[in-house]
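Here is a short note to read alongside the model. Please keep the structure open as you go through the points.

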Amino acid sequence: MDVDPRHYNHVAINDNDIHNIVLSYLVHNCYKESVESFVASTGMKQPADCLEDMEKRKRIFHCAVEGNALKAIELTEQLAPDLLEKNKELHFDLLSLHFVELVCSKKCTEALEFAQNQLTPFGKVEKYVSKLEDFMALLAYEEPEKSPMFHLLSLDYRQQVADSLNRAVLEHSNLPHYTAMERLIQQTTVVRQCISEENAKNGPPTFSLKDFIRS
């Protein structure tokens, strides 16, 4: 029988379930040392080929975050040969990281040539047109970090692309591309929002995940 979500406080949680949730998060984010320590301390069985796969994904992730997008592409093609060929949007995002690095290094001529050879072909597809315009506009500014498109130069943007790449590599390997923790948070948020809406007439505040975590 399903448990009424309003009675969740009375539901017993198995330690093994918690351990699996934590391990899922650590493996997803390539925390190799933490995985080894966690497995050793809990007595859990380490997933097959877990460490080798994490090392490869970790290197790809770091290359993307550090702006070494061409190396990230090379390593991705070695680990998942047809991934970027099938995922054109991700391929474009990685190429755009390299373009941004050239712009930030004041290699404008090289950046323009790279854009013409590697990015412009994407302009044949409508969804890339506005993106291309934003990236090309960076060349018009002597200080691109002060341009309206400054977010394209940010660490947040690189991390966003790197995270999408990590998820895509996991999915390509037939592994979950979202952690169990993420799915649980999503499900919990939906349930609490539904309960809040159901009891709205009694005046409780709308459910906020941020406030719930702080409580």
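1. Let's begin with disulfides, taken here as pairs of cysteine sulfur atoms within 2.5 Å. By that rule, the count is 0 disulfides. Cys 104 is in none, as its nearest cysteine sulfur, in Cys 108, is 10.0 Å away. Seen from Cys 108, the closest cysteine sulfur is the one in Cys 104, and 10.0 Å is too far for a bond. Cys 104 is partly exposed, with a relative accessible area of 37%, and Cys 108 counts as partly exposed at 37%. (Buried means under 20% relative accessible area, exposed over 50%, and partly exposed in between, with a 1.4 Å probe and protein chains only.)

2. A word on the source: this is a predicted model, where local features need pLDDT of at least 70 and side-chain atom pairs count only at pLDDT 80 or more, while totals for chains, interfaces and linings use all residues. Residues are numbered from 1 along each chain as its sequence is written, and side-chain values use heavy atoms, leaving out hydrogens and water.

3. What follows α2? Gly 43 does, and its phi is positive, near 75 degrees.

Note on methods. Helices (H or I, at least four residues) and strands (E, at least two) are DSSP runs, numbered from the N terminus.
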